[in-house]
Amino acid sequence: MIGSDSTVLIHIGFHKTGTTFLQKNIFFCLDQGFCCPWTVDSGEAIEHFVLTHPCRFDAGKIRKKFFESIHQGGNHKLIPTISHEDLSGHPVKGKYYEFEVVERIKQVFPHSKILIVVREQQSMIRSFYNQYVVQGGEYSIKHFVGDDIERPGFSPIFRLDHLEYNLLVEKYISYFGVDSVLVLPREILSSNQFLFLQKFYDFIGNNTEVKTFSTAANVSMGAATVELRRLLNSLPGNLPPLWEKYDSTPILWRAKNRFCRYIDMILPSFLDREATSYIKKAISDRVGSYYSTSNQRLQQYVDFDLSQLGYK
């Protein structure tokens, strides 16, 4: 089991791949053999690896404080863990800094074990778009993903190359070695949770007995309701900065949320099917065979047949 001052498990996401499940049931549970020295969802990871100005980044200081907190908490026999999906970028906000993060992680924790969870790209894009709208976005799906004819110097909010998984995987492998990087498909977590966790425990050297957990997930709004919400986002009542408390959320914003939740319950199912079909077609037309080569390269780092899991 890992527990030395030289090795840390770092889970970087991606977004929409079961991060909340892993944090709640595995990483934040001492009886599973892990400990998270930083606060809930490791916000310090974003502070140090993303937000800190390059001239003020101090790898030695960050590492020292991290391991001091482990020993002070008496958790030195557990696997020190950092988990934050934003370490792989924040595409809903159009933020793509994931390659810079690799270099900072390497400086602070040079012998890390890296966990990367992926998901079939078109499914991922649909989920990203839903989140974008729920957080106040006003662009249509076609504007969100772009049309590949944007003029130089501009790009859509979502960049297709963000989900060329092999690019980031190979970057981590070049820094940490192929034996220190584990890539698991989100689809396995959904279909065979025990196998997913067993693969992960074997990789990290965790001898704790694998057990499964409830996978209750947040129920997202239907596609037709998402489109209604997008139109309502142009009305007054914007979402405040995410670092503010929920109590500061404008009343109009909450009213729009409640209205859309109600509409989602009573909207005829055929409208949702039509809206879903439209969004899927828009994404499929944009993506085409874009990810084929990337997924072929990714396959060599994954123990499961990606084509059987729906990856093109």
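User: What does the charged end of R104 sit over?
Analyst: This is a predicted model. In it, the charged end of R104 sits over the ring of F57, 4.6 Å from the ring centre.

User: And R159, which ring face does that lie over?
Analyst: R159 lies over the face of Y96, and the distance to the ring centre is 4.7 Å.

User: Ok, rings with rings now. How many aromatic pairs are there?
Analyst: The structure holds 21 aromatic pairs. One of them is F27 with F200: the ring centres are 6.0 Å apart and the planes are at 80°, so this pair is edge-to-face.

User: Where in the chain are those two?
Analyst: In distant parts of it. F27 is in helix α1 (residues 19–27) and F200 is in helix α9 (residues 193–204), 173 residues apart.

User: Is F27 buried or exposed? And F200, buried or exposed?
Analyst: F27 is buried, at 0% relative accessibility. F200 is buried too, with a relative accessible area of 1%.

User: What about Y132 and Y139, what kind of pair is that?
Analyst: A tilted one, because the planes are at 35°, with the ring centres 6.5 Å apart. Y132 is buried at 9% relative accessible area, whereas Y139 is partly exposed at 45%.

User: Which cluster do they belong to?
Analyst: Ring pairs link Y132 and Y139 into a cluster with F128, Y129, F144 and F158.

User: Last one, helix α12. What span should its 19 residues have?
Analyst: Helix α12 (residues 269–287) should span 27 Å at 1.5 Å a residue, and its end C-alpha atoms are 27 Å apart, so the two agree.

User: Which of its residues are buried?
Analyst: A275, I279, A282, I283 and V287. Seen down the axis of α12, they fall within an arc of 125°, so they line one face of the helix.

User: What do they pack against?
Analyst: The buried residues of α12 pack against α5 (121–134), α6 (141–145) and α10 (223–232).

User: And which residues are on the face turned away from the buried side?
Analyst: That face of α12 carries the exposed residues R273, E274, K281 and D285.

User: What comes just after α12?
Analyst: G288, which takes a positive phi of about 55°.

Technical notes:
Residues numbered from 1 in each chain as written. Predicted model: local features only at pLDDT ≥ 70, side-chain atom pairs only at ≥ 80, totals over all residues. Heavy atoms only, no water. Phe/Tyr/Trp six-rings, centres within 6.5 Å; stacked < 30°, edge-to-face > 60°. Helix = DSSP H or I, 4+ residues; strand = E, 2+ residues; numbered from the N terminus. Buried < 20%, exposed > 50% of the residue type's maximum accessible area, 1.4 Å probe, protein only. Lys NZ or Arg CZ within 6 Å of the ring centre and 35° of its normal. Expected span 1.5 Å × (residues − 1). Arc of directions from axis to C-beta. Contact = heavy atoms within 4.5 Å.
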